[in-house]
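Have a look at the picture, then work through the points in order.

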Amino acid sequence: MQAILDGTLIPVCGYARISKDDERDRHGVNDQRRDNRRNAANYSMVVVYEFEDNDRSASKPDVVRPDFEAMLKAVTRGRTDDGVEIRGVIVVHEDRLIRRPGDYERFVEAVTHVDGRVYADERGTKDLYSEDVETLGLMGAVISKAETRKMRKRARNNHRRRAEDGKVPRGRKRFGWMDNKIDAHPINGPAIAKAAQEVLGGRGMGSIALEWQRKGIRTVMGNDHRVSSVRDALRDPRICGWRRINGGDLIRDEHGKPVVGEWDALVEPWVWEGLDAMFKARSGNTIGRDGEVIPEVDRRAPKYILTGRARCAKPNEKGDPCGAIMRIGWSSVHGWHTYNCPGKQNGGCGGVSVKGAALEEYVTEAVLAKLEEVIAFDVTEAVWESAGEYEEKEAKLARMKTEWTRGGISDDFFFSAVRSLEDELRGLRVERRKFLLSGRTALEGVADIRERWFSDDPDTSLDISQKRTYMRLALNAVMVHPAGRGGRFNPDRLELRWRSDIPATGFVAV
Ligand SMILES: [Zn+2]
């Protein structure tokens, strides 16, 4: 009792339930009681009251569980009918709580009715105030998909209500604020404010990411910032005190004004509006140095024959080649495309750039010569280069779905991750189909590749994806070394890494 009074032990109620299935397992009420008491001690809790239901006799599925209902009431109020103070609940396993769809939601609602309540089961304590639990909890196998959807919608509506009241959103911490999600972080908050101004003024987000890396400013997960995390931080209207619901429209009051939240704003609304306008103009496009919009190179359907194949060969401090896959850039001064090593913030060194047309022309000639040299190769032997990646992503998706169903990851994270994974898989499937098709074409057309390569006749000329297939069949990579003096294109800068398995013997007559 003294321990409860001086706060070292939290008084909780235990809840036990015997169900029809318990003949087969070990969940007798006595076992559950004993386990609850023992577990409670491990979490600095003490069981001061016990609720118990017996579902074994219940034949009707919608039978009321008197003690479950009594427990909900008691937890909401913070004391039992007998006046015993309780500040939480402990059960052996979450499945004890659930009898019908909706039980769990009601339970979470009761527990989180006021702040500071605790909940634990044999696996440990669980924060029922967090969004993950609220929306997914433990329903897993117990509750039907439809019910899950309904619960999620209700949870969303609840979030919306909170949002309309300007309440701090539940869920994970946000970069820029303290753990309470209300007070600005003394370092990260001002860093965002400074970055917002600078990006509006034309500074690149890559350079912001590098600055933050240098200063040891990390993401909430403790990682180095990248362009993407800087962008995420700056495009979130929360930095000016506003909020979007589900990534869409701003929350507005009945007069159409954005609702101002209870958390510290880091920038003025006009700053965020400026950033938002900038990001919107950019979406799907790349902005050139002079502000003109350059169509983005679609990763799924590369427009250049060496994307993915050209790699940076500039030595790093250890003397090893950088190895980063070069990205397509645009030189608006010259009006041509370039292959560039991505900057440090994107996994490269930024140290090499080469004129695209010159690189492609040289490599094309080399590849055609090589193909003619081996005369033909058996494309049926060729392995789709992304097969491993595809399998990996599929497996990852499956794992995530399992994890999500089990309640291990939040809706927000799950849906955004799944969307991007599924996009990637879709892209890979398109690529695979093209690979198979162009492989067949390659087989048929091996005798006149050169002619078709440069042909203007749309019926016979090779398209980009076919050309890319030849590149892929012949080359593992094109290593591009830094330019020497003069900056002119020099083939000595290139190092062609041929595939070892271009079969010289598998001559195919066409
Ligand atoms: Zn590099």
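1. Start with the open sheet: five strands in the order S2-S1-S3-S4-S5, with mixed pairing. Strands here are DSSP runs of E of at least two residues, helices are runs of H or I of at least four, and both are numbered from the N terminus. Two strands pair if DSSP finds at least two bridges between them. At the edges sit strand S2 (45–54) and strand S5 (124–125), each pairing on one side only.

2. Before going further, a word on what you're looking at. This is a predicted model, where local features need pLDDT of at least 70, side-chain atom pairs count only at pLDDT 80 or more, and totals for chains, interfaces and linings use all residues. Residues are numbered from 1 along each chain as its sequence is written.

3. How confident is the predictor? pLDDT is its confidence in each residue, from 0 to 100. The protein averages 76, and 74% of the residues score at least 70. Strand S3 (residues 88–90) has the highest mean, 94, while strand S7 (residues 293–295) has the lowest, 44. Residues 284–301 are below 50, yet this stretch has 23 contacts in the model beyond near neighbours in sequence; a contact means C-beta atoms, placed from the backbone, within 7 Å. Where pLDDT is low, the predicted coordinates should not be read in detail.

4. Back to the sheet. Strand S1 (residues 10–18) runs parallel to S2, and nine bridges join them. Arg17 stands opposite Asp53 in S2.

5. Which residues touch the most other members of the largest nonpolar core? They are Val12, Cys13, Tyr15, Met71, Val89 and Ile90, in a core of 29 residues. Such a core is a set of buried Ala, Val, Leu, Ile, Met, Phe, Trp, Tyr and Cys residues joined through C-beta atoms within 7 Å. Buried means 20 or more other C-beta atoms within 10 Å of the residue's own, exposed means 12 or fewer, and partly exposed is in between, with C-beta atoms placed from the backbone. S1, S2, helix H3 (66–77), S3, helix H4 (103–111) and strand S4 (118–121) each supply at least two residues of this core. Leaving aside neighbours within four places in sequence, the contacts of Val12 include Ala40, Met45, Val47, Ile86 and Val118.

6. There's a second, separate core too, with 23 residues, among them Ile305, Ala310, Tyr470 and Val480.

7. Four residues lie between them, and Gly335 in the turn has a positive phi of about 75 degrees. Gly329 has Thr338 in S10 as its bridge partner. S10 also pairs with strand S11 (residues 353–355), in the antiparallel sense over three bridges.

8. Helix H7 (residues 188–200) packs against helix H9 (residues 227–235) at an angle of about 95 degrees, with the axes 10 Å apart. Axes are lines fitted to C-alpha atoms, for helices over the stretch in contact, and angles run from 0 to 180 degrees between N-to-C directions. That makes H7 roughly perpendicular to H9, a label for angles of 65 to 115 degrees (under 35 is roughly parallel, over 145 roughly antiparallel, the rest oblique). Ile192, Ala195, Ala196 and Val199 of H7 meet Val230, Ala233 and Leu234 of H9.

9. Last, Ser44 has a positive phi near 60 degrees without being a glycine. Ser44 lies in the loop between helix H2 (29–42) and S2.

How values were computed
pLDDT is the predictor's confidence in each residue, from 0 to 100. Two residues are in contact if their C-beta atoms, placed from the backbone, lie within 7 Å.
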